[in-house]
Amino acid sequence: MEGFEDGSNCPSWIRQDSTQSPPQTSGNSDSTSAQSLSSSNGDAQCRTDKIVFKLFEKVPSELPPILRSQILGWLSSSPTDIESHIRPGCIILTVYLRLVESSWRELSENMSVYLDKLSSSSADNFWTSGLVFVMVRHQIAFMHNGQVMLDRPLAPNSHHYCKVLCISPVAAPYSATVNFRVEGFNLVSSSSRLICSIEGRCIFEEDTAIMADDAEDEDIEYLNFCCSLPDTRGRGFIEVEDSGFSNGFFPFIVAEQNVCSEVCELESTFKSSSLEQPDKDNAMNQALEFLHELGWLLHRVNIISKHDKVESPVPTFNLLRFRNLGIFAMEREWCAVTKMLLDLLFDGFVDAGLQSPKEVLLSENLVHSAVRGKSARMVRFLLTYKPNKNLKETAETYLFRPDARGPSAFTPLHIAAATNDAEDVLDALTDDPGLVGLNAWRNARDEIGFTPEDYARQRGNDAYINLVQKKIDRHLGKGHVVLGVPSSMCPGITDGVKAGDISLEICKAMPMTTTSASRCNICSRQAKMYPNSFARTFLYRPAMFTVMGVAVICVCVGILLHTLPKVYAAPNFRWELLERGAM
């Protein structure tokens with residue numbers, strides 16, 4: 001401890017002036033904004049961070065079996081999630097926790113109090129013997145034989161303080177060898193190295209390749225880090241270790257290829273924020289927290305899958321946190337991520353309470369939300385999603401329907417019909433596998449009694465009517481012809497109609513059914529029974545009889561009036577003085 005206090009045996013970034021404020025990290029500690037995923041429901045804001053213990057003069061066999069419960073009991077508020085791993089070189093225990101922000105702040109500001117509590121609550125001498133180094137955020141402490149010898153913040157603006165701005169890729173397929181590109185400050189030094197930790201495993205890369213890249217900030221460094229990933233879903237961290245003390249980290253996801261392709265779209269958000277003030281960039285903060293939350297979900301799935309029978313059953317994932325993950329994915333039209341989340345819900349990894357997974361999803365009105373966001377891609381995915389893939393493809397096997405009733409009995413078709421520039425969305429709604437959307441176009445009614453077609457006509461969306469009508473003619477038979485009539489040609493039709501084109505709908509004869517055709521053949525059958533009868537000509541030909549009668553009368557009148565009349569000279573013309581006959 002004497003050597004540490006005079007600065008001879010510690011990293012240079014600790015020997016700086018401690019009177020200034022602690023440094024700000026970029027994407028791993030204090031970057032979660034107030035508008036985060038965890039706080040969107042009004043709950044207390046939670047954040048993922050880590051605690052690093054370096055245990056000197058200890059061996060792994062001395063770790064107590066109740067170490068996890070000791071750490072959980074040491075904290076004032078229980079974390080919602082915890083993951084840890086140990087590394088060689090004494091024992092370096094890294095514990096990742098998801099805690100309420102106030103708990104992280106209280107822990108880092110009162111390290112001495114918490115370490116005294118840890119020593120006094122320990123039933124054995126594990127924490128009360130030897131030298132222990134503890135690091136929480138920007139605060140470090142040394143404890144020797146149960147006594148806190150040093151508690152101080154990290155030195156700011158040190159040239160030896162490492163931090164990670166972003167990595168690429170942020171998601172990689174399992175069972176693959178991935179070449180990570182790490183971007184950050186002070187990554188290249190004789191005492192620093194990169195570590196890849198995945199679900200309790202640590203992968204070291206001693207020979208890290210330094211990359212030369214054109215960057216606006218000359219202080220930013222780029223490294224290549226190659227490691228092999230396990231054959232299962234999960235979450236990992238790229239950590240930076242300086243002189244044996246790990247301070248910077250960045251999460252990444254291990255999943256299927258299509259899921260990774262969508263999650264990797266977040267890389268542009270991290271890269272655009274790396275040269276700015278990352279702590280104030282809400283987009284980057286939310287993207288980072290999404291990676292953490294998705295990682296905690298996959299970590300929970302792995303624990304439940306690997307430990308079917310444990311002493312204390314592992315609780316399933318929180319429904320509100322799961323809902324926030326779904327909202328984040330749907331807003332970005334990530335169909336593969338959304339499908340993975342829905343499958344995990346139906347597989348029982350999410351705490352749905354007393355509701356079934358189907359009831360939970362139907363109460364969220366996901367198709368309504370996708371239509372409001374004009375996401376035709378997400379609408380098509382939802383309408384074709386089947387929880388049970390073994391069932392035959394019928395309208396009942398699909399979970400989401402275009403005629404699902406939402407608030408005020410509005411269906412997604414009502415919303416699309418009343419929304420401008422939503423032709424692609426309406427096209428997707430009327431392309432569902434069971435043709436439910438086409439049947440509901442004129443039949444689904446809201447509380448007032450209007451159909452989606454009524455809304456489209458009232459809003460002047462004639463293109464919507466034409467689009468659906470063409471599909472009806474193609475799939476359900478031709479029944480109507482819709483003509484667009486310019487409003488200038490019929491100025492009198494203005495009541496209740498929006499300015500623009502007016503639709504004129506003309507009904508055509510529908511194809512006759514078997515019953516109607518049999519009724520019409522009665523006359524033909526009767527006529528065949530009397531082929532030479534007078535009734536066939538006149539009784540069963542009423543139209544011809546009427547035409548012939550009118551023709552005879554016209555001929556007679558024409559003959560009678562064929563000659564010109566003679567008019568005698570008289571002061572007044574009178575009809576009775578007309579003479580008829582041959583000239």
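Predicted model: local features only at pLDDT ≥ 70, side-chain atom pairs only at ≥ 80, totals over all residues.
Biologist: Which strand holds arginine 193?
Modeller: Helices (H or I, at least four residues) and strands (E, at least two) are DSSP runs, numbered from the N terminus. Arginine 193 falls within residues 192-198, and that strand is β10.

Biologist: How far apart in space are arginine 193 and glutamate 241?
Modeller: In sequence, 48 residues separate arginine 193 and glutamate 241. In space, C-alpha to C-alpha, the separation of arginine 193 and glutamate 241 is 5.4 Å.

Biologist: Stepping back, what share of the chain's residues count as buried?
Modeller: The chain has 20 helices and 17 strands. Out of its 583 residues, the share that counts as buried is 45%.

Biologist: Among contacts between residues at least 6 apart in sequence, what share joins residues at least 24 apart?
Modeller: Contact here means heavy atoms within 4.5 Å. With pairs at least 6 apart in sequence taken as the whole, the share joining residues at least 24 apart is 67%.

Biologist: How many salt bridges does the count come to?
Modeller: A salt bridge is a side-chain nitrogen of Lys or Arg within 4 Å of a carboxyl oxygen of Asp or Glu. By this rule, the number of salt bridges is 19.

Biologist: Which helix holds both glutamate 101 and arginine 105?
Modeller: The side chains of these two residues, glutamate 101 and arginine 105, form a salt bridge with N and O 3.3 Å apart. Glutamate 101 counts as buried because its relative accessibility is 14%, while arginine 105 is partly exposed at 37%. They sit 4 residues apart, about one turn of the helix, within residues 101-109 of α3.

Biologist: Which residues are linked with Glu101 and Arg105 in a network of salt bridges?
Modeller: The salt bridge of glutamate 101 and arginine 105 has its N and O 3.3 Å apart. Joined to Glu101 and Arg105 in one network are Arg47, Asp49 and Arg137.

Biologist: Where in the chain is aspartate 431, the partner of lysine 471?
Modeller: Lysine 471 and aspartate 431 form a salt bridge whose closest N and O atoms are 3.1 Å apart. The pair links distant parts of the chain, 40 residues apart: lysine 471 belongs to helix α17 (residues 462-475), and aspartate 431 to the loop between α14 (423-429) and α15 (436-440).

Biologist: What distance does α17 reach from its first C-alpha to its last?
Modeller: The expected span of a helix is 1.5 Å times one less than its number of residues. For the 14 residues of α17 the expected span is 20 Å, and the reach is close to it, at 20 Å.

Biologist: What is the angle between helices α7 and α8?
Modeller: Axes are lines fitted to C-alpha atoms, for helices over the stretch in contact, and angles run from 0 to 180 degrees between N-to-C directions. Angles under 35 degrees count as roughly parallel, over 145 as roughly antiparallel, 65 to 115 as roughly perpendicular and the rest as oblique. α7 and α8 are therefore oblique to each other. Helix α7 (residues 282-306) packs on helix α8 (residues 319-331) with axes 10 Å apart and an angle of about 125 degrees.

Biologist: Last one: which loop contains proline 169?
Modeller: The peptide bond from serine 168 to proline 169 is cis, with omega near 0 degrees. Proline 169 lies in the loop between β7 (163-168) and β8 (171-173).

Methods
Residues numbered from 1 in each chain as written. Heavy atoms only, no water. Buried < 20%, exposed > 50% of the residue type's maximum accessible area, 1.4 Å probe, protein only.
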